[in-house]
Each structure stands twice: as structure tokens, then as C-alpha cells.
Amino acid sequence: MRYLDEYRDERLFRSQLARLTQIATRPWVLMEVCGGQTHTLVRYGIDELLPAGMEMVHGPGCPVCVTPVEIIDKAIALARRPNTILVSYGDMMRVPGSESDLLHVKALGGDVRMVYSPTESVKIALENPACEVVFFGVGFETTAPANAMVAWQARRQGIRNLSLLSSHVLVPPAVEMLLSSPHNRVQGLIAPGHVCSIMGTGAYEELAAKYKVPIVIGGFEPVDLMEAIVMLTAQLEEGRCDMENQYRRSVREAGNQRAREMLFEVYEVCDRKWRGLGEVAVSGLQLSAAYREFDAELRFGLEDISVAEPKECISAMILQGLAKPKQCGAFGTRCTPESPLGAPMVSSEGACAAYYLYRRHNGEMSEDECVPSGEGA
Amino acid sequence: MSVREMPSIACPMPLPVKSHVVLGHGSGGRLSAALMRDIFLPAFGNPVLNELNDQASVSMAAGRVAFTTDSYVVKPLFFPGGSIGELAVYGTVNDLAVGGAEPQYLSAAFILEEGLPLETLRRVVDQMAVAARRAGVSIVTGDTKVVEKGSGDEIFITTAGIGVIPEGVVLGPQYVRAGDRILLNGPIGEHGVTILAQREGLGVSGDLVSDTAPLTELCRAVVRAAPGLRTMRDLTRGGLASATNEIAATARAGVLLDERSIPVSDTVRGACELFGLDPMHVANEGKLIAIVAPEDAQSALAAMRSVEAGRRAQVIGTVTLNRPGCVVMRTSFGTDRIVDMLSGDQLPRIC
């Protein structure tokens, strides 16, 4: 398949890996920020192929994971309201709140609808004038512009029965928090490609310069990630700390200006709580004054719902790259994707969930157990 | 269609079947009889059904009897490559065939939603009849109920099937041994992705067609060619991941799959990328895995490839002593990862 096979090509991957083995002389610690990148690394076992000592730690970039539980509880409260239609992406449906999830609320009669595009909620609102329609959207800078379209269209078309429950977070402030921490271990960063395709590369250039840490904007396929790892390692070995762009097929320096305009037309920057990390200054988006009337939390008086994180969960350490999922005593026992204690176990893009999904059994298989080559080819 | 109401067929002025299903069609009265006369009998008619008894009375060859049932609630009713009618026949036939049985008779029970166009029912029933003929089975008994509008979704069908397992054919996951080979009869994920694309109104162009098909001939060929056949399983909901996990769990053995040898069409891969799905979890309706002793792998593969439903068969993995109960995929990069069953429904990711 074009535009995909090239980036999963074994030979290309192997040649990048060979180059990495050639240039890496020290046990560098690198972090991939985005959950999509974590998923690919663990799914293909790329981190296990790195030269001895080199380590990948997994960053906070899974938007579903870092959404605070109280936002889920607010969505559930809305879905239980009579004459209310809650519209969201499929990924949010299974995320547990403090006592239920949206799929269960739906099963008990709540009107919960799954969509692929947020603007479908505009259509639903127009078709159901007697109902309140709430679009529930979370995500990073990547999904924010499309979610912003909901409020923008509602305002433009004067749709009174549509509002937004949103929890958007921004990547650079969280990365800055990690890099400025006295416990930071991360020596090089793979920045999230899709976020940069909207926001451009400027913020990461600043971070690289300020914290003297090389940053490579990376894609999401195995060859992308291996190339990004090689680029970071080359910088580290040469003593450089620049921002470089591996994901050139998607990311331009200026990003996507129209998407950004839409984003900042509707949203403004605010402080935001991240599940697992706590409050991070200027790391979130909220509806700006002109659009506040479409804020579901204000419209339905939901500001007071709050939930404490379970004490046993070490997600703050995981999300900062200070611990690996298997170092947690609850991993795979008291904490599973069906019943997660904390952020990284929630969505399949979270580090704990990826380890649970692909690696919960250890131990190598011997070569003679492999499928004999050529058989059935 | 209980037989007690059937004498009304003999009524000199039977009520004509109207254009839509009404509650009376399930009442067991004249409308039920008209439905039987105008829609079911012309399509399914066979000597056993035509007797219109409360039960079908059939003769079976000697041997053990395989017996299975399944319900069909697919939406939309019609999709590229098939319909709920074909699924209702092939799904049950395939459950029998993978047990090594020769499927013979089916029952068909319909739950219809009030207001369903009779033309839609007729189309479904006609396609069931064609499917039954293709699969070599007779639909010999059945039932129809009608529920109020909003209490169902157009048509739900439950079929049950029986078949005879020939002497000497003993299959089951408990016979699986380390070293056995796992064979797959063709590319995975086609049915699930086709349905999803239809449901979401996604205009995926190209060859996105459900793989709905009877597997009787294929199973027969494998049974004949491979005396060391351990077990077969058709891949429906939960896909290849669920089928292999179930076998690994029952056999208390490990399963090692080779990612490169599992066929997936470009269209299915593309659609899965778009929807955020893994083809390993996507439903199939004309695919099976067969687990055979290593010495029979090549003859079983050749047998599969000799029939239409198995042209693109592959050996996709081996049974191992390691990690009992666990399915592991060896990736194209030589690394291993667990292949898990899906938890809950398969939902798309958001980014």
C-alpha cells in the first residue's frame, strides 16, 4: 500500500538500525512524546532492538489517557440528562469514569452517539431541536481545530441547542515541565508529528535551545521512528542540540495556519489538569469569551465535579519517563485496560496499555519455534 | 409458521400479502399463512418443509451428528458481497463444516419489525434459498414472529443446523500438539471492513466486498487430504485473533504467528488504517484456520488451494510449547508481540 509500506519496509528499517548501531557509543535515554509513537514502538518491539544500553521512555502524549476522570464523569452526567444527546469519538466510549463509562450509560438508555467527525454533532443538533446536543471532545492541538469547528458553526448558524464539553491540552508546556524537572532523565526527544503539522516547529526549536536537548519531530511508522532515533543519536554523539524534522512529508515549519486560526478563534490558553501529571500551567485550551455560551460545563453547571487519583498509581512517574509500566506493582493485576487505575492504562496508546496489550508475558521464543521459512509462501 | 394455522392456506379467498409487514403476519392466522404461501414456500420449498408439520422429520446417515445455532442481526441487511440471508445460511453451515460435518438441514426463525417492506423480506428469503442450494442444505423448518415498530431492527434471523460427521473424523482443539502447523484459507478482514464502510457511509472504492461464502467444500478437501487434521475454526467476530486465542486457551499451547504470511488485501489494510482497526480483530464470514500435524501441512495447503474458497491459503504459524494459552505474532522486524482478544466492541481510535 503506497505511503505506508515504504515506512514499514524491513530493509529500510534494518539499514537505519545498522546505522544506529554504528554511531551509538553511549546508553542514551530518548523519549517519544506521542502515544501513537509509543504504540508503534511497542507493537513492533522497536525499543527492544536498540543497541545495548539505549533506552526509550514513553511520554505523556496520549490525549485520552491524560484526560482527567472528572471530565469523563461530567460527560456521563450529561449523557444521563433527559433530552440530551452526547456525541463523541469512539475512543471516549469505553474510558471509565469514577463509577461508569459512556457505553454503560448508553446501554441504560442514555442517548450517546459515536461519530467520526465532530461536525456531525451540528447536524444532530439541527435534526433534534427539542434536545440539547453536547459534543464531547478531548485531544491535543491535532484534534482541537476540528472540535473548534463545532462551536464556530453553532455560533455562525445560531444553533442554541449545541454545546461543547472539551478538554484540550497543549504539548509544549508538558514537555517543558518534564525537561525542567530535577529528576529528568530524557536526553533526546521525538516530538509529536501530527501536533507539529498543525502548530509548526517553532515551539520545539525554542525548547531545544532552552533546555539544550536535541528534538526530532517524528512520524508514526517504524521507519519514521527508527530514522528519528538515528537523527537524535547522531546529534547526541556530535554534541548538538537542534530541532530537526524527520516527518517532512507532513510537517511544515509554519504548520497549518488556517487550522491554527480556527483554533485560536474559538479557544484561548488556560491552565489545565492532566491526569497523572496534575495541574500544568498554560497547558490547556478553553472556549474564549466570544464562544463561552457554548461551554457545556457552564451551561449545565458541572464545574463542581472533581475526582482524586488512586494513590497506588505511579502514572506520574510513567508519564515523565521515570518508571516503566512493569515496575508498577498493580500492572496487569489490579490495573488492566478493563479496569485502569490511572492514565497510561486507559487508552491503547497509553504506555501501560501498550505493554499490557503486547508484552504482558515475558520470555523469548527460540528460533526453532518460528514458522519454517518458505512454507506456504 | 406453526402448522395449526396452515389449513387456512386452503381458504378459498386467502388474504393477499400486503406491501409491508404488519403485526398480523406473526399472529399465526391468515396473514401468517399468506406469508408462508407467498414468500417462504416458493423460496425454500422442499419435500420436508412442504409437509408443514410442527417439526421436520428427516433421515440422517449413520455417524455422529453435529448441531449448531447462530443469530444474525447485521446492519445494513444488504452489503457488497452478500446479505443477512446469505450470512444466516453460510454462518451456520460453516460452523458445522469446520467440525468436519456434512451440513444437511437448517431451521430458520425470523423476527420481523412491523413496517418492514415485504419486498425486503422477499429479497432476503430468496437469497437464503440460493445460499442454501449452493451450500447443499435444505431449510426444513422455521418460525416467524413480528414485533412492534421500534422493538426490532428490520429483520433478525436465527438458524440452526445439523450435519453428519463421517466415521473416523474426530476434531477438536484438545488434539492440538506443539509443532502443528496453522493454515489460513485467504485474506482476512473483508467482511467486517465492508460492513463498517457501508455503515459509516464511507465511499471506499475498489474491491471492498464481504467474503461471505460456504466453506463445506474446503473443509471436505482438508479432511480428506490431512489425516493429521486436529481442528478447524471459522473466523467470524473477533477475527483471527479470537480464533487463535480460543484454540491456544483450550489446547493449553502457545501459538506463534508469522505476520508476513498473513494475507490482508490493500483495501482492507487501507480501511483499517482509516478506522484505526487491526485486521486481526476484524470479522470474516468465509475464512477458517485449520491446524494440522506438521507432516500434513503441505498436503492440507494444496487441498485448500485446490478449491475456490482456499485459492490464497497460507501456512501462517505453528503451535508451540512456550507460553501456553498465549498467541504471539512474530513481526516483520523479527520482534514478538502478543495478539490479544479484543476487549469489548471494536471501536476506532481518535488520532
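Residues are numbered from 1 along each chain as its sequence is written, and chains are lettered from A, with ligands numbered from 1, in the order in which they are written. In this predicted model local features need pLDDT of at least 70, side-chain atom pairs count only at pLDDT 80 or more, and totals for chains, interfaces and linings use all residues, while side-chain values use heavy atoms, without hydrogens and water.

**Two domains in chain A**

Domain 1 of chain A spans 7-64 + 171-237, and domain 2 spans 69-167 + 255-299. These bounds come from an automatic or database domain assignment. The C-alpha centres of domain 1 and domain 2 of chain A lie 31 Å apart. Contact here means heavy atoms within 4.5 Å. By that rule, 17 residues of domain 1 of chain A touch 21 residues of domain 2 of chain A.

Together the two domains of chain A bury about 1,500 Å², 77% of it on carbon and sulfur atoms. Buried area is the accessible area (1.4 Å probe) that two parts lose on being put together, summed over both. On the domain 1 side of chain A, Val64(A), Ile198(A) and Met199(A) lose the most area to domain 2, together 39% of what that side buries.

Four residue pairs are in polar contact between domain 1 and domain 2 of chain A, with both residues at pLDDT 80 or more. A polar contact is a pair of N or O atoms within 3.5 Å; within protein, one must be able to donate a hydrogen and the other to accept it, and residues adjacent in sequence count only if both atoms are side-chain atoms. On the domain 1 side of chain A, β2 (55-61), α7 (171-180) and α8 (193-199) of chain A each give two or more residues. Helices (H or I, at least four residues) and strands (E, at least two) are DSSP runs, numbered from the N terminus. The largest share of that side, six residues, comes from α8(A).

**Buried parts**

Buried means under 20% relative accessible area, exposed over 50%, and partly exposed in between (1.4 Å probe, protein chains only). Helix α5 (residues 190-199) of chain B has eight of its ten residues buried. Among them are Val193(B), Ile195(B) and Leu196(B). Their cover includes β2 (78-79), α3 (84-97) and α8 of chain B. Gly201(B) follows α5(B) and has a positive phi, near 65°.

Lys74(A) sits in helix α3 (residues 69-80) of chain A. Lys74(A) counts as buried because its relative accessibility is 5%. Its side chain makes a polar contact of 2.7 Å with that of Glu297(A).

**Salt bridges**

Over all chains, the structure holds 39 salt bridges. Each is a side-chain nitrogen of Lys or Arg within 4 Å of a carboxyl oxygen of Asp or Glu.

| Pair | N to O distance |
|---|---|
| Asp242(A) and Arg240(A) | 3.0 Å |
| Glu244(A) and Arg240(A) | 3.3 Å |
| Arg360(A) and Asp340(B) | 3.0 Å |

Arg360(A) is partly exposed at 28% relative accessible area, whereas Asp340(B) is buried at 16%. A network of salt bridges links Arg43(A), Glu259(B), Asp278(B) and Arg337(B). Asp278(B) lies in the loop between α8 (266-275) and β10 (288-292) of chain B. Asp278(B) counts as buried, at 14% relative accessibility. The side chains of Asp278(B) and Arg43(A) are joined by a polar contact of 3.3 Å.
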